[in-house]
Amino acid sequence: MSETAVPDPAAPLTPSGNLRRRQLVSRATELAATAAAVVAVGALAIVIYTVVARGAKAIDLDFIFTGYPTGVGPMLLGTLVIALVATVMAMPVGVLIALYLTEYSGARGSGVLRLTLDLLNGLPSIILGLFVFALLVDHKQQSGFAGAVALAIIELPLIARGSQEVLLLVPRGLREASDALGIARWRSVLTVVLPTALGGIVTATVLAVARAAGETAPLILASSVFDPKHFSVNPFESMPNVPVWIYKLSEEGNPEGFTEAWGMSLLLVSFILFASLGARALLARSKRKLSS
Amino acid sequence: MSPLRRRLDLVGDRALFGVCLSAALIAAAIIVLVGYQIVDGASAAISRFGFAFVYETTWQPNFGEFGAGSLLFGTAVTSAFALVLGAPIAIAIGLFLTLLAPVGVRGVVGPLVELLAAIPSVILGFWGLLVLAPFVQAKVEPFLNGALGFLPIFGSPETTGLSVFTASLILTLMVIPIIASISRDLFQSVPPELQDGASALGATRWEVVRGVVLPTTSSGVVAACLLGLGRALGEAIAVSQVIGAGSELQSSLFRSGDTLASRIALQFPGALTELHKASLFYCGVILLVIGLASNLIAQAIGRRFSYQGVAAR
């Protein structure tokens, strides 16, 4: 007659042996995962802190509104114009692609089209620089327009993807109500579907602009030889712009230039951070509104 | 309905479809056109050097001798380093955001990690040049050389900190947000019943991750890493600012080097001869082929993966 071990009812309820080891391992990995998040956020904090601490000194009204050497006005204006031209080209095409994906394409067509957009999104920006150089600059001259074409290609998949997500959220009931009234497809798309999704489409576009505004690689080939004193709004000549100017100053290795570059970095980073945080908040809101 | 309106609607429907379809075709046309222009720009170098360009390591613009071997090497080393260091961190962040962080922390940390991707590469490179490189040179290189100096990759420290090592660190910062946000979405898609089942069987949190979360999402995570790799391969600006533009093959990570993309950014604006330009275009061709390949493989893996299938089984 063997005796079965009766657990001691008075034993403390703490893990022992194998379980204890397993829990330790689990605790350790939890700590490691938290540490990883701290590393990433810490790196972001250090970069932003450096940009703010070193850039704030450089910025005053003259810095924003006058030309070289007292300020960087022409570069700011140029970046604004290039980004604007790029968005004017990319936004209609992007929204129409999104419409095609949600309204017209079958499963097969949308698969191919989405793959195309992903590939476009994955193209290295320096490749787009070479592309616009070969297409628009070689044997002609550098131009802000050539840069804008490259930035438009960068924005296109972002706008198309973002708009598609919002268009998919447009309530079925709205479309069905419109169909029930006997309204043609194109009318209901233009007067019901698009207006409902408009807020989301605009924020998706803002996110794309924030991404494209800091792109340097294409502009190095498309619009890098310019006069930093000259305010230019003509996109068919080489335009001063912020990213290329930061790049040049960083290559020159002169301390005053560094201060100027930090100042421009601060302006660029604050635009990008505010635009993307604001757009993200708005996008979340309009998605909530559409899906409720 | 009046016949006029009916006719107008017919035209309108066709027109809208036509416009949307042509927008879709534009997207496809851009890809084809980019490929064509890059190869066309490289044609002089392709006919001159042939395939040997890919492994030849001489790069002497003054003598018209070009080979991308050392650049390919530099690209491979920096991207591999960035991925080896960045992928575990990024996957851990994804796990932290889905399984560990309280909702409030999740809502803050998630967007912050994504903001890391929003910082323009020229600013990250500038920061790398003035802040990270001196730090790496003064602290990290001597430390690694002292601790692991018997490995040839951790050679003796150099004077500037502009090195393959620093460039890889910057690339690591760039791949982390990409992999982290994709893997977070993947982990969120793991059916909670599976996780709860494992927990009910007595699995600890880590065992749930190892036994359920990672196996169900592994192919997606691999795809995410490939997308990160694509980003690291193609980064030109930030790398060109901190890598030091060296031309020889070096075993030590602390020496200067160069990558395909950064060589294009550094030398193209000053390229004098047509052959020099064509050779840089040839680098672009190599970059385009590797980039598209890693992207396509990532898509293929990502598409085969479907969590609904897992849930249904």
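Guide: This is a predicted model. We may begin with one residue and its surroundings: leaving aside residues up to four places away in sequence, B:Ile179 touches B:Leu83, B:Ala87, B:Ala90, B:Ile91, B:Ala224, B:Cys225 and B:Gly228.

Visitor: Which residues touch the most other members of the largest nonpolar core?

Guide: In soluble globular proteins, nonpolar side chains tend to be buried together. Here the largest nonpolar core has 184 residues, and B:Ile179 is among those that touch the most other members, together with A:Ile97, A:Ile126, A:Met264, B:Ile38, B:Phe53 and B:Ile93. Helix H5 of chain B, residues 164–188, supplies the largest share of this core, with 14 residues.

Visitor: How many residues of each chain are in contact with the other, and what area is buried between chain A and chain B?

Guide: The size of an interface is often given as the accessible area lost when the parts come together. In this model, 74 residues of chain A are in contact with 74 residues of chain B. The buried area is about 6700 Å², and carbon and sulfur atoms give 79% of it. On the side of chain A, the residues that lose the most area to chain B are A:Leu44, A:Leu130 and A:Trp186, together 9% of what that side buries.

Visitor: At what angle do helix H1 of chain A and helix H7 of chain B cross?

Guide: The axes of H1(A), residues 17–55, and H7(B), residues 205–234, cross at roughly 80 degrees and come within 7 Å. Angles of 65 to 115 degrees count as roughly perpendicular, and the two helices are therefore roughly perpendicular to each other. On H1(A), the residues A:Arg22, A:Val25, A:Ser26, A:Thr29 and A:Glu30 meet B:Arg205, B:Trp206 and B:Glu207 on H7(B). The residues of this contact comprise two nonpolar, two polar and four charged.

Visitor: Is A:Ser163 buried or exposed?

Guide: A:Ser163 counts as buried because its relative accessibility is 0%. This residue belongs to helix H6 of chain A, residues 144–169. Apart from residues up to four places away in sequence, A:Ser163 touches A:Val95, A:Ala98, A:Ile201 and A:Ala204. A:Ala204 is 41 residues from A:Ser163 along the chain, yet their C-alpha atoms are separated by 6.4 Å.

Visitor: What is the phi of A:His139, and where does this residue lie?

Guide: Most residues other than glycine have a negative phi. A:His139 is not a glycine, yet has a positive phi of about 65 degrees. A:His139 lies in the loop between helices H5 (125–137) and H6 of chain A, and counts as exposed because its relative accessibility is 73%.

Definitions and conventions: Residues are numbered from 1 along each chain as its sequence is written. Chains are lettered from A and ligands numbered from 1 in the order in which they are written. This is a predicted model: local features need pLDDT of at least 70, side-chain atom pairs count only at pLDDT 80 or more; totals for chains, interfaces and linings use all residues. Side-chain values use heavy atoms; hydrogens and water are left out. A nonpolar core is a set of buried Ala, Val, Leu, Ile, Met, Phe, Trp, Tyr and Cys residues joined through side-chain atoms within 4.5 Å. Buried means under 20% relative accessible area, exposed over 50%, partly exposed in between (1.4 Å probe, protein chains only). Helices (H or I, at least four residues) and strands (E, at least two) are DSSP runs, numbered from the N terminus. Contact means heavy atoms within 4.5 Å. Axes are lines fitted to C-alpha atoms, for helices over the stretch in contact, and angles run from 0 to 180 degrees between N-to-C directions. Angles under 35 degrees count as roughly parallel, over 145 as roughly antiparallel, 65 to 115 as roughly perpendicular and the rest as oblique. Ala, Val, Leu, Ile, Met, Phe, Trp, Tyr, Cys and Pro count as nonpolar, Asp, Glu, Lys and Arg as charged, and the others, Gly among them, as polar. Buried area is the accessible area (1.4 Å probe) that two parts lose on being put together, summed over both.
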